[in-house]
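Have the structure open while you read.

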Amino acid sequence: MTAKSILTAAELDGIAALISHYPTARAACIDSLKLVQEKRRYIADDVLAEIAHLLGMSVAELDEVATFYNLIYRQPVGETVILLCDSVTCWMMGRNQVAADISKRLAIKDGETTADGKYTMLPIVCLGHCDHAPAMLMGKTLVGNVDAAQLDRLLPEARA
Amino acid sequence: MKRPLTKNIIVNQMPFDLVAYERAGGYQTVRQSLGKIDPDAVLAAVVDSGLGGCGGGGFPTGRKWQAMPSVATRPGPRYFIVNADEMEPGTFKDRLLLEGDPHQLIEGIILSAYAVQANHAYVFIRGEYHRAIALMEQAIGEAEAAGLLGDNILGSGFNLIIHVHGGAGRYICGEETALLNSLEGRRAIPRSKPPLPMISGLFGAPTIVNNVETICNIPHIVANGAEWFRSLGRNGAAGTKIFGVSGRVNRPGTYELPMGTPMREMIEEHAGGMKPGYALRALLPGGASTGFMLENDLDTPMSFAAFAAKGNRLGTGTAIILDDKTCPVGFIANLQHFFAQESCGWCAPCRDGLPWVEQTLKSIEAGEGKLEDLDLLTEMTDTLAPGRTFCALAPGAMASLTTGLAYFRDEFERHIRDGECPWT
Amino acid sequence: MDMKITVDDQVITVNGDDNLLAACLSAKQDVPYFCWHPALGSVGSCRQCAVKVFQGPDDTTGRIVMACMTKLTPGMRVAIADEQAVEFREAVVETVLTNHPHDCPVCEVGGECHLQDMTVMTGHKARRYRYEKRTNINQDLGPFIRHEMNRCIGCYRCVRFYQDYAGGDDFGVFGSNRNVYFGRDEDGALESQFAGNLVEVCPTGVFVDKPFSAKFRRKWDMRSTPSVCPHCAVGCNITVQERGGQLRRVVNRYNETLNGYFLCDRGRFGTGFVESPARLRNSRNKTNAVLPASEAHAQLADILKTPGTIGIGSPRASIEANFALRQLVGAENFYAGVSEFDSAALQSAVAIARQVGLARVQDAEQADAVLVLGDDPAAIAPRLALALRQSSQRVPSEILAQRDIPAWDAGAAKLASHEVMNPFFVITDKPSWLDPMATQALRRTSQEIITLATEVASAIGSHASNSDIAQALLKARQPVIAVSGDAALLKAAANIVLALRAAGVPAKLSLMLPEANSLGLGLIDSRPLSAALAACQGQNIIVLENDLFLRSDRAGELLASARNVCVLDHIETSSVKQATLAVAVGSFADSDGTFVNCEGRAQRFFKAIFRNEGTTQSWALLRDAGLQAGLDIAAAWPTHVALLADLASTLPNLAVCAEASPETQGARPATLSYRYSGRTAATAHIDVREPLPPQHDDSPLGTTMEGPPIHAQTGVKPVMWTPGWNSAQAVNKFQDVIGGAISGSNEVFVFETPSNITTAFEVAGAQTTDSRVLGLEEMSELSPAIIARHQAGSAS
C-alpha cells in the first residue's frame, strides 16, 4: 500500500502477530477487527478497507464477516458499551426494569449513545452469569445482580 | 462426594497459577503420559470411560476421536478445538471452569491433542468472556514457559501449540461446524455433514471440536482410569458434571454432582429449593433449547440417556426455573426472541420462521393474539422440527415451544381471550 | 451408474451419481426448489425440496429429507406427494414470503418468476403473516443491474454464483439472521463481467436487467428467437427477445456443451448496439444524402457489375454473407480483410483445427489440468474463461470419495477445494483474470511465451523432469491447452497437444480466436487487407460489415485508392464515413446466418426482429443486387437453404453449415408464446385492421404463436416455457436429464475428427505486430449499457 497507513504501528504489529496464529491470513480477520476496535471503539469504513488489504481480502469479503458478528461495531459507539443481558433468566429477574432505569439515567434507548459520547446501551444474549441475574457487561467488566444501587455506583454521574 | 472438575476452584478468588496447580497434583498426568504411554491408550481410556459431550449433545467423546483418520492414512495438519462459546441462555458452567481452573483445561487439551495426534489447538472463547480470555492466555503463557507446550514437550517428541481465539458474538458459533467457519475468518454458518469435522474440519484438515467441560474431564480419566470415572456417576451414568440452576431458587449457582443425580435433589438440596413466595411451575433442564419439564418429572436422573428416554434433552445441565409468578407466554416469547436473533440467516425456515414465531408470541403476550395463532405456532413446531432445518438451532428453539404449548395451553388461550397479559 | 428408485409408486431409472432432486426433475417430476441450481450444486439452505424417504419395504412412517442433499440408493422409496412433505413445502414457501413484498404486478420478473412458480407448485394461496416486513435500502449496482432487495427470499444463489462460480469479490452477503443483505459493500457498478447472470440466477426479482427494464415487456409478450452471441468467438447461445420491431433483451439459451446456463455481460448487454444511436439505419451516398433502399441497392448492383471489383469480407459477418460476396466478386477478388496478424493466425488456426481438432467449452470446464498461453481468456473469450475457472475449482474425485462428499454437494466440495487444486498454469504477457486460480501464473513477453511453449512440448516429448508444466500435463487425464496470440504461438500450443497425445494423454486444444465468425471466415479466405491493397488499382471495393480502420493503419490508403467504396454495414464506423455508398443492412438480430465459433461449431442464428423495412440481410441483399446486375450466380440462391447448398458444393469444408440449419418440415415452431397479447390492438391507433404477421421464409421458425413449441428435427426451442414453469428454469423440462442436452438437439462441428497426422507444426520465430485491443469488441462497445458501464468505471 503506497497510501499512508491509517492504522498505527502497534495495530499493524498486532495484526501481524495474529496472522501468525493461523495458516491463512484471512483466519485472523475477526481477531484483527477486535484488536483495532479496542482503541478505535468501532470499525470505520476506511479502517475496514485497510484491514482487508492487509489480510488479502476484498472490502466486501471482510464486511461480510464484520457485519455478521454483533460484537464488531460498524458504527461509532460510546467510550463504554453497556451490554445488558436480555436472555431468559435476566428477563425473568427484572432486566426490563433495569433497562428502563439505565435509559432514564442516561437518556438513551437501546442502540443509542449518550450525547457526551460516554455510553452506548445495547442488549446482549446470556452472559453466563445467570445465578446473578440480571447481569450486564460494562465495557469489559461483568456485573451481576444489577439493581438501582449498583447503577448508582456504576453510573455516578447519573444517579437516579 | 468427589468433585474432580472443581476441586481447585475457590469462588471469588484468582485461579491457581502454574505453581499452585502443579502443587495440587496438576500436570502429573501429562508428565506420566506424553511419550510414555501410547496415544491410542489415552484414546482407549476415554472410549471406555463413557464420557459424553458436555456441550449439550452428549455424544460419546471417545467415539468422536476414533472417527479421526489415522496419521498414516491422512498425513498433514490436524487440529484440536475447544468449544468455549458458551452462549446457551441459562448456562454458566464453562465460564466457571475457564476462569476457575485454566490449567486443568490446558492439561486436558494436551492429553486430548496427544490422543488424536493434533499439533495445533485453538480455544474458541466467546468474546464477552473477557476475564476467561485473559486468564486462559496467561495460563497458556505459563505452560509454554514451563515447556508444557511448544515443541518436543517434556522431551516426548510431541509438539503442541495452543492459541486462544476470542469470538465476536453469535450463538451459532457454538455449533461445531459454524465454529470452524468462524475460526477460518468466515461468517459462522454451519457446514453440511458429511464430511464430519473429524474427516474434513478446520482448513480441511481432520479436526476434533470438544466442549470445555468435556476436556476438563480428560486428565482425571487418564489419571484414574475409566472404571474410576464410571464409578463417579449414579443411576447408570458415568462421571461428574457441573449442573446449575437459575431463577427463583434460594441458592442459584453451579454444583458439581454425579452424573445421574435426580433433578429434584439438585433443586431442593443444592439450590435450596424455591424462594419463599414462589412455586416451581416448570423448568428447562439444560438451557434454552431443551423442553419444559414439569414438577412430576423431577425425579428423572440427570443423564443424557434418562432425559432422552423422556423425549427431552439434558442439554448443558443448567436448569432455568419457571416460577408461578412469571408469565409462561412471555418466558417463551423471550426464548424465541433469542433464537430468532441468533439464527445465522442461512436456511430459510429458521431465518424467516423464528421471527414469525417471535412476533406471534409477542402479539399474544400483548393481548393481540388470535386463536388461529396457536394453530400457526403448532404448525411451526412441525416446520422447524429436527431434520427440517439445516442445523439444530431452530429445532432447539422449538423444544420449549412444543412443550410450552402442551403444558400452558390455557395460559395462551387466556391471553387471547382476555386481550391482555394477566401478569402485567 | 444407473439405478432404479420408486417415486410416488412409480419406478424410475436414475443416474446414481445425482442427488434425489436432480433425479426427480430428470424424471420430469415437479419438486419445488430455490437454492439448488444445476450448475451451482446443492447447499441445502432453502429447505424447499423436501420429500419423504422410506427406509426399506416395511417403513410406513418415512422421514422428511431435502431432496437436493440426499444421495440415491438402489431401490430407494420416495414420496413427493406425501401429505407431510406437501404441508412442509407449503409452510416453507409461506415462511420465505413473510418478507416478500408481493409486488408482482410492478415487478419485471412477474410472469417469469421462479418464486411465483414454486409458490403455485406448493399450493400456497392465503397469507397469514400480519406483522411488519423487513425492508431494505437498495443499492446502485451500475448500469446493468437494478437492485430490489426487498424481494429477496434469501436463497444465497446470487452470492454463490458471484463469488464461488464467477470469482467476484465485490459482492456478498452482509448481516445475519433475518437481516441478511445481498449487495456490495458500497454503491457502485458490479465489477464481475458475469454479473448479468444474477438476473437469471435469482429466483425472483432482486436483480433486474436494467436496460431491459427501460424497454420492458412481459416475457409472454415478446417474440423469442434462438440466436448466437456475435460478440466473440465463443458464440454462446442466446435468445433474442423483441416486440414492436425492437430488441428488448437477450437471455441465456441453454447449451450444455457450450455456455450452459451462463453468459458474460458483453454478450448480455452488448447487443444493445442493435437499438443504439450508432446503428446505421439508412443507406447514404458520398454526400451523406439518405438514399431510398431501392436506389442504394441499384447503386450496389452497378458496382457489382464492374469487373474486377474487390470484395472485403468480415469475421463479424455470417458465413452466408461472406460467401455471397465472394461468389459475386469472384474468389480471386475476395479478401478476408483482417490484419496481417489475424490473417496468419487464422491460417494456422484452420490448419491446426484440421490436424489436432478443437476443444469444446465443456472440455475446458472438465479439464483436470490447464495451460493458458498468450492472452487473458477473460478478455478475449470470457465465457471460456469462466469454464476454465470451474476446472481449477473441481475437487479430484478421489478426494471427494475419501471425504465421503458427493460431487453435487457444493458446500462440502468448496471446503475440500481449499485442500487440493488442479494444476493450472497461466502464462500471459499481462495480468490475467485467472491468476488467482492458477497454481502458477507467469508474466512473459509474447516471444518468451512461444519459446516456453516450445520447451514444454519438447520436455513432454523427452519426458524431461525439469519442467513442472510438462510433468503436470503428463499426469493429467484430460488436460486442456487454451491459447490465443499469433500464428507461431498457436502452433507451439498445438505441438504441446500433439506431444501429449504421443505420450498417451488425450489432451485438447482450445484456440481463442478474436471474433464471432473468425474461424468461419478463415475457412473461406484468410488473405489480409494488405493483400487487397496490393491488388487494388483503382477498382471498386465492396466492404462487408467490416471497419477496415480497425484492421490496418493503411485502411485509408486502400479506400482512397478505390474508385467507389461501397460499405455494407449495420453500424456507423469510420469505414462507413469514408464510403461513397453506405448500404444499411441488418444486424445479426435482423438476419439469418451461420457463425463458426472457436470450437469449430457451426451455429445458426435466426432473424429475430421484424420491422417493416424490406430485405436487409446482407446475403439476401447482395443476392438481389447480383440479380439486378445480371450475375447468374445469384440465381442459385433463391432461399437460404439453396445458398447453403451452393456453399456446400463450392466449399466442401463448410458443407456442415447446411446441417446446422434446420429445414422447415411440417409446421414451423412458434416464436410467440400462447399468451402473446395485444396483437390486434398494438397498431389500432393507425389502422383497426389487424396487420398480417411478418412473412419470412428463410427461417425454419414461424413468426406467429401458431405452431409446435419445438423444432422436431433439431430440438431448437424458441419459447422456453411449459405449464407451471414460467422462468428460465423451465429448461429442466426439456433436458434429457438435468444438466444434459436439450432433448433432440444436435450439434454440428466443422472439424469432426482430427487427422492422425502427428507431425509437429513448424514454429516460426519473428512475428507480425500485434495491434489488437483486447477485451473490447467493436459492436458491443456501441451498446448504451456498455458505454454507461465503462463510464461507471471500477470501484477498486
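## R126(B) and what surrounds it

Start with R126(B), which, leaving aside its neighbours within four places in sequence, is in contact with residues of chains A and B. From chain A the partners are V125(A), C126(A), L127(A) and G128(A). From chain B they are A84(B), D85(B), E86(B), M87(B), I133(B) and G167(B). Keep in mind that this is a predicted model.

R126(B) sits in the loop between β2 (120-125) and α7 of chain B. Is R126(B) buried or exposed? Its relative accessibility is 0%, so R126(B) counts as buried; the cut-off for that word is under 20%. The side chain of R126(B) also gets to the backbone oxygen of C126(A), at a distance of 2.5 Å.

## R388(B), another buried arginine

R388(B) is found in the loop between α15 (371-383) and α16 (393-407) of chain B. At 9% relative accessibility R388(B) counts as buried. A polar atom of its side chain lies 3.2 Å from the backbone oxygen of D382(B).

Which residues does R388(B) touch, leaving aside its neighbours within four places in sequence? Within chain B there are P349(B), D382(B) and T383(B). Over in chain C, R388(B) is in contact with R47(C), I64(C), M66(C), Q84(C) and F88(C).

## Where chain C meets chain B

That brings us to the contact between these two chains. Chain C puts in 41 residues, and chain B puts in 41 residues. The size of an interface is often given as the accessible area lost when the parts come together. Here chain C and chain B bury about 3,400 Å² between them, with 54% of that on carbon and sulfur atoms.

How many salt bridges does the rule find across the interface of chain C and chain B? It finds two. One salt bridge joins the side chains of R128(C) and E379(B), at 2.7 Å from N to O.

Now for the side of chain C that touches chain B. The elements of chain C that each supply at least two residues to it are β4 (63-66), α2 (83-96), β7 (171-174), α14 (397-403) and α15 (410-417). The largest share, seven residues, comes from α2(C). Sorted by class, this side of chain C has 19 nonpolar, twelve polar and ten charged residues.

## Aromatic rings

Over all chains, the structure holds 35 aromatic pairs. Take F161(C) and Y165(C): the ring centres are 5.7 Å apart and the planes are at 20°, so this pair is stacked. The cut-off for stacking is planes under 30 degrees apart. Both residues lie in helix α4 (residues 157-165) of chain C, four residues apart, about one turn of the helix. F161(C) is buried, and Y165(C) is buried too.

F171(C) and F207(C) have ring centres 5.6 Å apart and planes at 65°, so they make an edge-to-face pair. F171(C) belongs to strand β7 of chain C and F207(C) to strand β9 (residues 207-209) of chain C, so the pair ties together parts that are 36 residues apart in sequence. F171(C) counts as buried at 0% relative accessibility, and F207(C) counts as buried at 1%. Elsewhere, W91(A), F292(B), F331(B), Y407(B) and F408(B) form one aromatic cluster.

Two cis peptide bonds to look up next. A133(A) and P134(A) are joined by a cis peptide bond with omega about -5°, and P134(A) is in the loop between β2 (119-124) and β3 (136-138) of chain A. The bond from K193(B) to P194(B) is cis as well, with omega near 0°; P194(B) is in the loop between α8 (176-183) and β4 (207-211) of chain B.

Then there is positive phi. N152(B) is not a glycine, yet its phi is about 50°; this residue is in the loop between α7 (130-145) and β3 (161-166) of chain B and is partly exposed, with a relative accessible area of 40%. E545(C), not a glycine either, has a positive phi of about 40°. E545(C) is in the loop between β22 (541-544) and α21 (555-561) of chain C and is buried, with a relative accessible area of 7%.

Notes:
Residues numbered from 1 in each chain as written. Chains lettered and ligands numbered in written order. Predicted model: local features only at pLDDT ≥ 70, side-chain atom pairs only at ≥ 80, totals over all residues. Heavy atoms only, no water. Contact = heavy atoms within 4.5 Å. Buried area = accessible area lost by both parts, 1.4 Å probe. Salt bridge = Lys/Arg side-chain N within 4 Å of Asp/Glu carboxyl O. Nonpolar A, V, L, I, M, F, W, Y, C, P; charged D, E, K, R; others polar. Phe/Tyr/Trp six-rings, centres within 6.5 Å; stacked < 30°, edge-to-face > 60°. Buried < 20%, exposed > 50% of the residue type's maximum accessible area, 1.4 Å probe, protein only. Polar contact = N/O pair within 3.5 Å; in protein donor to acceptor, adjacent residues only side chain to side chain.
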